Each structure stands twice: as structure tokens, then as C-alpha cells.
Amino acid sequence: MKKVTINSVASHAGVSKKTVSRVLNNEPNVSAATREKVLAVFKELDYTPNPIARGLAQNRSFIIGCLYDNPSKSYITRVQTGALAACQENNYNLLIHPCECRGDALISNVEQLLQTSRLDGIVLTPPFGDFPELVEFLTAKKIPFARVASAILQDESISVRSNDEQGAFEITEHLISLGHKSIAFIKGHPDHSATQQRFKGYRRALADHNIEFDERLVEEGNFSYHSGVDSARSILDLSPRPTAVFASNDYMAAAVLKLATQRQLRVPDDISIAGFDNAPIARHIWPGLTTIAQPVEEMTKLAVTQLINHITEPQEQPFQITLESRLITRESTARVNP
């Protein structure tokens, strides 16, 4: 069977090879009718683009890199889901690159990645979007990049984030509305800007309701389940014990719930527990966790889509947006016992 080429598609559709290429790359300057006609020919001829030839023709690899370092597997899965959806819609491939490096080692690691993979662009998931040395390196190398969930908006890069501070404020205020005044807080990883944003939201809610901040009620976690266990142990050992615990993510909150149950505490009758992110664990355990639904898939998909658009047709004004998060109340929180 004769191999179907881009020239075959162009001839069959009655359009130029350039028009087929524009449809293939999802470029905007093609009419809807022409796009539909070319897509129909793709399907009719069972055309599959050759990624190597396509890359050589346009001096691109059609590969987007995704740099991550997060102990929460569900968070990374959600990031990948959003990034893959955007790549598939735009005929790109995705390269997932885990990295635990910092400082000069991080720059060396990313430089090697760029040399071996010829990436067209990079998506920086937390905490990498907040590392100035990495941003400066990519800018100097003229590598397009997009930030996901970064605290920095005042720059010339693509950025998609959610309002972590407001989400933390709302969940703390929810606990206060239930009569809780002694609310413990577990921080996340210190490298992540979300950690400070969520802590600020917690403190703002306390201040708005004239509840005195108590440093004894704050524990340092790192977003992992194990750090949640250690933090929970310290919190539950306090006397008097707080009536509620707000952990900076659902895995740490789940650890608090487990330890509380092991100590024969009833959740939420004896202690209310809340998390953040709406990870699968929040709805799979009992009682279900009150949490903040963060649009991780949507954020990543939008960031990758805008990055590809910028690679295809560079934008003068960077795309920057803050998406809203949502409070989800479940069975792990209740009115404080008098």
C-alpha cells in the first residue's frame, strides 16, 4: 500500500501543503470549513503524520517537557492528565522529567535535558516556577516555558495558577463557622509557594475573626503522608488538644485522621479534620475529607495549551490567569462539641 503523505492529503483536499501543515499544527489562521475538510481527508486516507519529518521541516521536536518534584503521586497524575490532554489536542508529545535537584545541580540537570531531548518548551510545576535561577536560565537560552501554580505573576512568562490563599482562608473560615477557635495547621514543603500562600490564608481567617494566632498549633510538613503522621503526633499530644486540624494537603490530613482514629478519637465528634487539593484519597477514606478542590488538570492543560500557542505564534503579552478553587464539605468536619 502506497504511503500517505502530506502532499497526498493536500492533493485530495484541494488545498496547499502549507494549509495542511497549519491544520496539523492547530494554527489559528485557517477557516473552519477548510479545517473540517482537511480533517475529513486525514480520516478518509488514514493519514498519520511522521513526527521526525514534521520536526525537521519546522525545526521543532514537537515535544513539551514537564519538570516536577512533588511527593504526592496523585498530584503528579493529575498534572500529567492535563498536560497530555493539551499535547494530544495539538499533536505534541509529552516528556515527564522528575527532578529533585536545587541550585547549580538543577541548572545542570535541565541543561542536559535540553541537550538530549530538543524540547520545544517546558512546563514548570511547583516548586520550579518560583526558582529565579531556573527562570533566568531558560530565558537566557530562549526556551519557552509556562508556570503552573506559581506565586509569581509580575513577569513576562505564561502563568496559570489558583488562589491558594483564598482557598485556605475559606476552609479556615468554614471551621470557624462551626465554632472552632483552636485550629491546628500543618504546613507543606518549604520550597513550594503554595505552602506560604495557604498559611497566609489560615492566618488571615483567624485575624478576621479575632482569634489569636498560636504558634504551638503550627507544624512543619512537606506534603507527604509520613510528614503528616509526624505532625499529627505532635498536634494530638497537645494539652489542651485543638478541636480542629487543617492540613495543607489531603495526604497529610489523611494521616491525621488515621492517627486520631488509632487514639480512639471520633472524627468529627472529637476533632474535625480538613485538607486541601481534593485528591482521590479525600473521597475514598471514611469519613470523607472536607477540602479545597484545586483545578490541577485544568491549570496544567491551559498552561500547556498556551505554551504551544506561544511556540507556534509568539505572543507579545504573556498569558496569565488565576483560576478559582472550591470548598467541598464532607463528613470530617462538624460543629464543635460544647
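How many bridges join strand β1 to β2, and do the two strands run parallel or antiparallel? In this predicted model, six bridges join β1, which spans residues 63-68, to β2, and the two strands run parallel. One of the residues involved is Tyr68, whose bridge partner in β2 is Pro98.

This pair belongs to a wider arrangement. Six strands make up an open sheet in the order β2-β1-β3-β4-β5-β11, and their pairing is parallel. At the edges stand β2 (93-98) and β11 (320-323), each of which pairs on one side only. From one strand to the next, the twist averages 15°. In general, the strands of a sheet pair through backbone hydrogen bonds, in either a parallel or an antiparallel manner.

Helices accompany these strands. Helix α6, formed by residues 103-117, lies across β1, β2 and β3 and runs at about 150° to β2. Helix α7, formed by residues 132-140, lies across β1, β3 and β4 (145-148), and its direction is at about 155° to β4.

The strand β3 covers residues 121-124 and includes Leu124. Leu124 has a relative accessible area of 0% and therefore counts as buried, the cut-off being under 20%. Leaving aside residues up to four places away in sequence, Leu124 touches Leu67, Gly129, Leu134, Leu138, Phe145, Ala146, Arg147 and Val148.

Methods. Residues numbered from 1 in each chain as written. Predicted model: local features only at pLDDT ≥ 70, side-chain atom pairs only at ≥ 80, totals over all residues. Heavy atoms only, no water. Helix = DSSP H or I, 4+ residues; strand = E, 2+ residues; numbered from the N terminus. Buried < 20%, exposed > 50% of the residue type's maximum accessible area, 1.4 Å probe, protein only. Contact = heavy atoms within 4.5 Å. Pairing = 2+ DSSP bridges. Axes fitted to C-alpha atoms, helices over the stretch in contact; angles between N-to-C directions.
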